[in-house]
Amino acid sequence: MAERAGLEELVKLQGERVRGLKQQKASAEQIEEEVAKLLKLKAQLGPDENKQKFVLKTPKETLTGKYGEDSKLIYDLKDQGGELLSLRYDLTVPFARYLAMNKLTNIKRYHIAKDFDIAGQFDPMIPDAECLKIMCEILSSLQIGNFLVKVNDRRILDGMFAVCGVPDSKFRTICSSVDKLDKVSWEEVKNEMVGEKGLAPEVADRIGDYVQQHGGVSLVEQLLQDPKLSQNKQALEGLGDLKLLFEYLALFGIDDKISFDLSLARGLDYYTGVIYEAVLLQTPAQAGEEPLGVGSVAAGGRYDGLVGMFDPKGRKVPCVGLSIGVERIFSIVEQRLEALEEKVRTTETQVLVASAQKKLLEERLKLVSELWDAGIKAELLYKKNPKLLNQLQYCEEAGIPLVAIIGEQELKDGVIKLRSVATREEVDVRREDLVEEIKRRTNQPLCIC
């Protein structure tokens, strides 16, 4: 114990030395020499088996080889101790590593605003259907427009490539080409397969016959009878699971938002089964036209083999999850608001409690407290005697829709002047009716408190 404590102190001192050299802008050779000493001390120290902690670092080797051709989306950096780390835009691989390190075999994980995963051994397609249900609920509640969730299965893709004559060594690179079909034409994808990746033209044509198909459960049933795909074990398993998935999606009431799309490939090597991707749709110019996708806003799938890559004994934990494209959704919302010339609301506040004259802070505090107690999202400026114009400007900038104005005359009459920020219309509302009027105008349900 004493020996370990001594090593920990040496690591701490050496780390401080490295940081000091960096701050002093010492030569690269000198810093590298001290970093090497630090890493040697860390190696001697080893892991502390009794210390429970959640490590957020992601070593580069953790990510390498897990993303296929999408590895270009990994960003490298070094920490202050010189350890080579990496950043990546999703948390799937780090999550799998966490499960393996902590020997977890069953967990449901919510990552605020972005990710959802289910890990554990369960009956087929039940967790997968729940993930798709959650994805649809999130996108519907955001009210960003009509969307479609494309689904496929990596086993169907691999089976399709096999029956079409794609060499095993080219499965992943051809898969990456197919995944571009939502952005470029089939002819461009075929040219890439043949010209850049050396695939025989007749093999590419056979792939084209499949990947240009999309539909619902009827397409699944049709492919189950396909003379070639039905003879491939992997494809048959994938199609069987997709048929079951559509049954669950119908029970969840979201099957009308789901499309079985054979061009969906999700170019990440860790997917092993069902894959899915949600795209926003443009309204067709004329009835009968196919909706046009305007970009992916959520995606996910099943990755049953990823945890086993990090487990010393290779123990596998089945996993399925999804990720929401928060940045893209924000961008879409901002563009639409700009087109409508609307401002982005930066607060959920429904009403600002304001005063028209000086020395009314106590009255403002009383009123805002009454509104809080009634469940109204209200606020006031933290000034004793703010100018009315400043208070109104604050509402316009923050997107607060209503202003409850207190003045000496209003206090005498037992009313509050309620102002609409958008129309600048003002009405006197009796104080006892104010809560009901604010909730009516903001479409908030009344609550019995």
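Two strands count as paired if DSSP finds at least two bridges between them. The model is predicted, and the description below should be read with that in mind.

**A strand pair**

Strand β5, residues 147-153, pairs with β8 in the antiparallel sense, and seven bridges join the two. Within this pair, Val 151 has Tyr 276 of β8 as its bridge partner. Strand β8 covers residues 274-282 and is mostly covered, with eight of its nine residues buried. Phe 147 has the charged end of Lys 257 over its ring, 4.8 Å from the ring centre.

**The chain as a whole**

The protein chain contains 16 helices and 15 strands. Of its 449 residues, 44% count as buried. Among contacts in the chain with a separation of 6 or more, 61% are made by residues 24 or more positions apart.

Strands of a sheet pair through backbone hydrogen bonds, and the pairing may be parallel or antiparallel.

| Strands | Sense | Bridges |
|---|---|---|
| β11 and β13 | parallel | five |
| β13 and β14 | antiparallel | four |
| β14 and β15 | antiparallel | five |

Ala 354 stands opposite Ile 405 of β13. Leu 402 stands opposite Ser 420 of β14, while Lys 417 has Asp 428 of β15 as its bridge partner.

How enclosed is β14 by the rest of the structure? Five of the six residues of β14 are buried, so this strand is largely enclosed. The hairpin of β14 and β15 has five residues between the strands, and Arg 424 in this hairpin takes a positive phi near 65 degrees.

**A helix packed against the sheet strands**

Helix α16 spans residues 434-441, and its residues Leu 434, Glu 437, Ile 438 and Lys 439 are buried. What do the buried residues of α16 pack against? They pack against β11, β13 (402-406), β14 (415-420) and β15 (426-430), and also against helix α13 (361-373). After α16 comes Asn 443, with a positive phi near 55 degrees.

Thr 349 lies in the loop between α12 (326-339) and β11 (351-355). Is Thr 349 buried or exposed? Its relative accessible area is 8%; this is under the 20% cut-off, so Thr 349 counts as buried.

The side chain of Thr 349 takes part in polar contacts. One of these, of 2.6 Å, joins it to the side chain of Glu 379. Another, of 2.8 Å, is made with the side chain of Thr 347. Leaving out residues up to four places away in sequence, Thr 349 touches Lys 377, Ala 378, Glu 379, Ile 400 and Pro 401. Glu 379 is therefore both a touching residue and a polar partner of Thr 349 through its side chain.

**Val 18**

Val 18 is found in helix α1, which covers residues 2-23. With a relative accessible area of 1%, Val 18 is buried. Its C-alpha atom is separated by 9.4 Å from that of Glu 33, a residue 15 positions apart along the chain.

**Aromatic rings**

A pair of aromatic rings is described by the distance of the centres and the angle of the planes. How many aromatic pairs does the structure hold? There are three. Ring pairs link Tyr 270, Tyr 271 and Tyr 303 into a cluster.

**Cysteines**

A disulfide is a covalent bond between the sulfur atoms of two cysteines. A search of the whole structure finds zero disulfides. Cys 319 is buried, at a relative accessible area of 1%. Cys 395 is buried too, at 0%.

Notes: Residues numbered from 1 in each chain as written. Predicted model: local features only at pLDDT ≥ 70, side-chain atom pairs only at ≥ 80, totals over all residues. Heavy atoms only, no water. Buried < 20%, exposed > 50% of the residue type's maximum accessible area, 1.4 Å probe, protein only. Polar contact = N/O pair within 3.5 Å; in protein donor to acceptor, adjacent residues only side chain to side chain. Contact = heavy atoms within 4.5 Å. Phe/Tyr/Trp six-rings, centres within 6.5 Å; stacked < 30°, edge-to-face > 60°. Lys NZ or Arg CZ within 6 Å of the ring centre and 35° of its normal. Disulfide = S-S within 2.5 Å.
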